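Good morning, and thank you for making time for this presentation. I would ask you to keep the sequence and the model in view while I speak.

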Amino acid sequence: MAEAAVAQAKPGCPDRCGNVSIPYPFGTKKDCNHSQHFLLHCNDSVMPPKLTLGMNLHVVSISLGELKILNFLGRDCYNSYGGLVYENDPWLRLGSGYTISGKRNKFIAVGCDTYAIVRAYKGEERYTTGCMSVCDSITNVKSGSCSGIGCCETSIPEGTTNFTVKLSSYNNHRSVWAFNPCSYAFVVEETHFKFSSNQFRDLNNTENLPVVLDWRIGKERCKAARKTETYACKGKSECYEPDDWSGYLCKCLDGYHGNPYLPDGCQDINECDDPSLNKCVKKGRCKNTPGNYTCSCPKGYHGDGRQDGDRCNLDHLQVIPVVLGAGIGFMILLLSISWLYWGLKKRKFIRLKEKFFQQNGGLMLQQQLSRQEGSDETIKIFTAGELEKATNKYDESNIVGRGGYGTVYKGTLTNGRIAWIDSKEKEQLHGESSQAYDNDCSFGFTSASFNSLRVPMNDGR
């Protein structure tokens, strides 16, 4: 985000040359740059416009601490007889405040009869490194691999200010000329180059490749620079030293983004607008503050509201009503189900009683009762319990006879009178009818001359 926001020119100054953004401390006009080292030239007489630095270095992009240029590649070509037909040894010289990035660039050589070296300088110190690439046939070449067969690579030292590339051949490409008449060597941005066997041909039509430079402000380190009038870090920014060579850079403080070299270049980041920039939990509340943000929990929760902290937890006082409400709701549901169950069971029981009432002479009893109204005869309805007591729980000693309608018992009623009780056998009752008749009423007829009762028999009756 800082690199995207850093592309801000000084107010009133050109901020682009063609499609290249020009952020301060760079500039193309007087008073638009921080110092002479950052003065660029925009040639808008060509299409597209061309931005250059110093000795005609073609600038293609500028970012925080880095500047990308195009530089020539080395070429060493021969004819089929081994005669040299073209050769060039590219070099690069940088002014004060710039170095060649050892982290972002590689030195690469391409060819099947090739060795190449690069000589680089860091102050007064000279560094020499290189690699060799040999192969007998293009079928030996593996695209994507730069390990010495058709292509080789090596790192360059960090902090160098210039380099020169040298190329040579072991056999002047005579044995591989049919598919590889030239050797190539160059310093290039590592992510830009990917080797393939097609480059034996394609590189012959390539003039330059991108190289990444590091840039710094002045020669002082941060402690000394803060005491100078030319100190470059402005507003909400700070000085830092990215490496061990001279100069420094500026960056916006945490929680800010923009151009740290302008007085109001660093602006507050609203971390709450982007969930990826804050660590507040989803239930939490995010509040932006200058250079930072805070997290909190909504009402009914406690904690710090942070993913890496105590998060947001439901208050205990809030848990009790929820649990109590759930418990009461469950009890109401359980009672409703029970009421419905027993209601249905009672209704079924009543239907069953009516069914067996009709099957066992209930209608006849009602007819008899209606006929006896106004008569001297007394009709009484007995319960199953009264009949058990009268027959001594249907004791076999009280049996006086058996017939098609059941067994006849002799019974003594509570008023001392003798009654004959005709009962159906329990085997004639099935399923739920037995339970239905547990508490059913038996009926009987009594008169001055005899007593006769007919009742259903159930287990124990």
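This is a predicted model: local features need pLDDT of at least 70, side-chain atom pairs count only at pLDDT 80 or more; totals for chains, interfaces and linings use all residues.

**Sheets, pockets and ring pairs**

I begin with strand β10 and strand β17 (residues 208-215), which run antiparallel and are joined by three bridges. Within that pairing, T99 has D214 of β17 as its bridge partner.

Let me turn to a second open sheet. Here five strands follow the order β8-β7-β16-β11-β14, again with antiparallel pairing. At the edges stand β8 (84-88) and β14 (150-154); each has a single partner strand, so one side of each is left without a neighbour in the sheet. The twist in this sheet averages 15 degrees from one strand to the next.

Inside this sheet, strand β11 (residues 105-111) pairs with strand β16 (residues 182-189) over six bridges, in the antiparallel sense. I108 is found opposite F186 of β16. Please keep F186 in mind, as I shall return to this residue with the aromatic pairs.

Next, strand β15. Five of its seven residues are buried, so β15 is largely enclosed by the rest of the structure. β15 pairs with β9 in the antiparallel sense, over three bridges, and with strand β12 (residues 113-122), also antiparallel, over seven bridges.

The largest pocket has a volume of about 360 Å³. Its lining consists of 13 residues, and those nearest its centre are M55, N56, L57, N71 and F72. Which elements contribute two or more residues to this lining? They are β5 (57-63), β6 (66-72) and β9 (91-93). By class, the lining comprises seven nonpolar, four polar and two charged residues.

My next topic is the aromatic residues. The structure holds twelve aromatic pairs. One of them joins F179 and F200; this pair is tilted, with 6.2 Å from centre to centre and 45 degrees between the planes. F179 lies in the loop between β15 (162-168) and β16, and F200 in helix α2 (residues 199-202), so the pair ties together parts that are 21 residues apart in sequence. Are the two partners buried or exposed? F179 is partly exposed, with a relative accessible area of 22%, whereas F200 counts as buried, at 5% relative accessibility.

A further pair brings us back to F186. The rings of F186 and F193 have centres 5.3 Å apart and planes at 65 degrees, so this pair is edge-to-face, the cut-off being over 60 degrees. F186 and F193 are both buried. Elsewhere, ring pairs link F26, F38, Y98, W215 and Y261 into a cluster.

I close with a single cysteine position. C13 is located in the loop between α1 (2-5) and β1 (16-17). C13 counts as buried, because its relative accessibility of 17% is under the 20% cut-off. What separates C13 from K29, 16 residues apart along the chain? Their C-alpha atoms are separated by 7.4 Å.

Thank you for your attention.

Note on methods. Residues are numbered from 1 along each chain as its sequence is written. Side-chain values use heavy atoms; hydrogens and water are left out. Two strands pair if DSSP finds at least two bridges between them. Helices (H or I, at least four residues) and strands (E, at least two) are DSSP runs, numbered from the N terminus. Axes are lines fitted to C-alpha atoms, for helices over the stretch in contact, and angles run from 0 to 180 degrees between N-to-C directions. On a 1 Å grid over the protein atoms alone, a cavity is a set of points where a 1.4 Å probe fits but cannot get out, and a pocket is an open set with protein on both sides within 12 Å along at least five of seven lines; lining residues have an atom within 4 Å of a point. Grid points are joined across faces, edges and corners, and a volume is the space filled by probe spheres set on the points. Ala, Val, Leu, Ile, Met, Phe, Trp, Tyr, Cys and Pro count as nonpolar, Asp, Glu, Lys and Arg as charged, and the others, Gly among them, as polar. Rings of Phe, Tyr and Trp (its six-membered ring) pair if their centres lie within 6.5 Å; planes under 30 degrees apart count as stacked, over 60 as edge-to-face and the rest as tilted. Buried means under 20% relative accessible area, exposed over 50%, partly exposed in between (1.4 Å probe, protein chains only).
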